[in-house]
Amino acid sequence: MRVLVIASFADSIIGFRGDLLKAMKDQGKDVHVAAPDYTEEQKHALQDLGVTPHSFALQRTGLNPVKDTKSLISLYQLIKQVKPEQTLAYTIKPVIYGAIAARLAGVKNVYSMITGLGYVFTQQLTAKQKLLHQIVCVLYKVGLGFSKGVFFQNPDDAELFISKSLVAKSKATLINGSGINLQRFPELALPEMASNKPDLHFLLIARLLKDKGVLEYAEAAKQLKAQGYSCVFHLAGWIDDNPSAISQQDLDSWIDQELIEYHGRVSDVIGLIQQCHVYVLPSYREGTPRTVLEAMSCARAIVTTDAPGCRETVVNNQNGYLIKPKSADSLTTALKRYLEQPELVKQHGLASRQYAEQRYDVNRVNQRILNVMNGVD
């Protein structure tokens, strides 16, 4: 059976879906992937997995009728060329336009994965944003109407889509995020801490968007340093082409004030996790945050928001703390607990690893996806 996986970001295919592609290959599937703007290195990495990469036209952000129509046509032509028996798309535009293109091309087994809802669901302050939200909902309803099955990474997103009649309940399948490869992200020893005045290292890895809680992270750093606590706030990521992106001016200001230690865009995620004691993600909403799963697998305490997609990763006061979304004060209070009770860092970290093993093993998540696609679930 030939399957085509459709993505909006080539960099995510191996990092987030590599294990799924391997599982598909292990089942004897002829696996193809489609994404815009591959590097040669990414193409070679996919080919080494035995996967065939294809390109299509896509503007990832914004709704431009002309450019989005070109994306739909580009996907339709690609699907007609590849002739898959199944498609699986994730992220907003591949889900919407991939499903429409696949059905127009005669593919009956169309599957979609909702990995997060984006700023149009987290930011609805202006009339323009509300209108954009309404348009995206209509497009989702059309695209998911063509899908045979839809995977959701958290129950809040599934309930929202069902309540808005964007997807039939009978089509919805809940999975535990993308899962995590427990061998690739092993339990890591914590950095040493001085007994008299522990110097704790916090870490946030994310696209530098307001929706990821980056502003609250910087404000928490400012508050704790002003109170005389000994701590380092690591930040890794890049300023994305997104309406929710922070400004370069803000980033430069945090660096100049020595509020954060900025690492830019990194490929060695494990190296950064190894340097930190506590992983922080103050996001407003997620599918299931991949970086949190990576940090959990490496036995790190987690501080994240009591928000859709994030709250499932933390049992409060067992493997970390849940905080109020959009609240720097709530984040500061949670981080202060680790500074004042450093023994919790190891205790919560070990609980994170155990929770990752029980709930987020990538092999179990992928088997659930493939069972549905193979009609055995």
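**View 1. Ile 73 is located in helix H3.** Helices are DSSP runs (H or I, at least four residues), as strands are (E, at least two), numbered from the N terminus. The model shown is predicted: local features need pLDDT of at least 70 and side-chain atom pairs pLDDT 80 or more, whereas totals for chains, interfaces and linings use all residues. Residues are numbered from 1 along each chain as its sequence is written, and side-chain values use heavy atoms, without hydrogens and water. Ile 73 is partly exposed at 44% relative accessibility, where buried means under 20% relative accessible area, exposed over 50%, and partly exposed in between (1.4 Å probe, protein chains only). A distance of 14 Å separates the C-alpha atoms of Ile 73 and Val 95, which are 22 residues apart along the chain.

**View 2. Trp 254 belongs to the residues with the most contacts inside the largest nonpolar core.** Such a core is a set of buried Ala, Val, Leu, Ile, Met, Phe, Trp, Tyr and Cys residues joined through side-chain atoms within 4.5 Å. The largest has 55 residues, and Phe 202, Phe 233 and Tyr 338 are also among those with the most contacts. Helix H8 (residues 214-226) supplies the largest share of this core, six residues. Leaving aside residues up to four places away in sequence, Trp 254 touches Val 214, Leu 215, Ala 218, Leu 235, Ile 246, Leu 259 and Ile 260 (contact: heavy atoms within 4.5 Å).

**View 3. Another nonpolar core, of 33 residues, lies apart from the largest one.** Its members include Val 82, Ile 96, Ala 102 and Ala 105.
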